[in-house]
Amino acid sequence: KQWYQRRVRESYPEMGREIPNYDTQSSKTAPPPSGVIVTHAFFRTFDYVPVDEAWQRRICNAFGWKFDGCSRAETVNNLYMLHSKTCPKTTPIRGDGNCWYRTIAHIVTGSEKNYGSVKDSVMAFMTENIDMLQEIYENNPHLLDDYGLTNSRNAARKIISRHRRRGEWSRNVTMEMTAVMLKTRYYLFNSSGGWTDMNSGHHLFWSRREDMGAYPDGVTVANIPDLAEQSMYINHRDGNHFEACHIGLHAS
């Protein structure tokens, strides 16, 4: 525990002695902002392990995306500790309704300009797994409220069609299906001032990831690394906009 707290103080000396017990966790949650359901917020220290260049290159090769550069700071290593109520610096992302895909594009390809390719791949992946998505909507009709649907008939097809529109904001389904497609978790810094992870049954799409392994033709699935510690860290503090979080990396 002392080593754990010392690592946090070294990383964030401004925290002083107010370091929470590393093995405690809160079940507090925040109200869902703009259709994004925030669950399993925790208040502790945890490992900060962002994806590295090798992971980026493998993902880009798998999906045929352009690789523009490493998005991880060279100074970050797998022993870096992050306080759960502290958001690192963020890379500014254009707010045009595509900020989720732009953020993912920055993290994966090194440039938000490749967001179109990322979105197209997410939509194609959702379409390949449409039967499982339909089952989830039929068993959880409350998920249809955000889309104004009164019944689950062809719900998955209608929702995918809606998210294909230019500038359509991302919601839980597109966010979680992005993670499922990449076999990589994301941490979300939310409007309550804390991080939420994906280790919760409330992430209905992520929790069914083992049942959604169909990829479109042209994707080299063998190049996609298996689920590991490396994760994507995303700022969503204002409840509307997404930006990529980083430590020790200048904004680009």
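**Note on a helix pair, the nonpolar cores and a loop residue**

1. Helix α3 passes helix α7 in a right-handed crossing. The model under discussion is a predicted one. Residues 99-109 form α3 and residues 172-182 form α7; the axes of the two helices come within 11 Å and cross at roughly 25°. Angles under 35 degrees count as roughly parallel, and α3 and α7 are therefore roughly parallel to each other.

2. On the α3 side, the contact is made by W100, Y101, I104 and V108, and on the α7 side by T174, M175, T178 and L182.

3. The largest nonpolar core has 52 residues, of which F63 and L182 touch the most other members. At least two residues of this core come from each of several elements, including α2 (53-63), α4 (115-128), β5 (186-189) and β7 (232-235). Both α3 and α7 are also among these contributors.

4. With neighbours within four places in sequence left aside, F63 is in contact with S121, M181, L182, Y215, V219 and I224. Another core, of 9 residues, lies apart from the largest one; F46, V49, W195 and Y233 are among its members.

5. The loop between β6 (195-196) and β7 contains N199. This residue, N199, counts as partly exposed because its relative accessibility is 47%, which falls between the limits of 20% for buried and 50% for exposed. N199 and R185 are 14 residues apart along the chain, and their C-alpha atoms are separated by 9.2 Å.

How values were computed:
Residues are numbered from 1 along each chain as its sequence is written. This is a predicted model: local features need pLDDT of at least 70, side-chain atom pairs count only at pLDDT 80 or more; totals for chains, interfaces and linings use all residues. Side-chain values use heavy atoms; hydrogens and water are left out. Axes are lines fitted to C-alpha atoms, for helices over the stretch in contact, and angles run from 0 to 180 degrees between N-to-C directions. Helices (H or I, at least four residues) and strands (E, at least two) are DSSP runs, numbered from the N terminus. Angles under 35 degrees count as roughly parallel, over 145 as roughly antiparallel, 65 to 115 as roughly perpendicular and the rest as oblique. A crossing is left-handed if the near helix is turned anticlockwise from the far one by less than a right angle, and right-handed if clockwise. Contact means heavy atoms within 4.5 Å. A nonpolar core is a set of buried Ala, Val, Leu, Ile, Met, Phe, Trp, Tyr and Cys residues joined through side-chain atoms within 4.5 Å. Buried means under 20% relative accessible area, exposed over 50%, partly exposed in between (1.4 Å probe, protein chains only).
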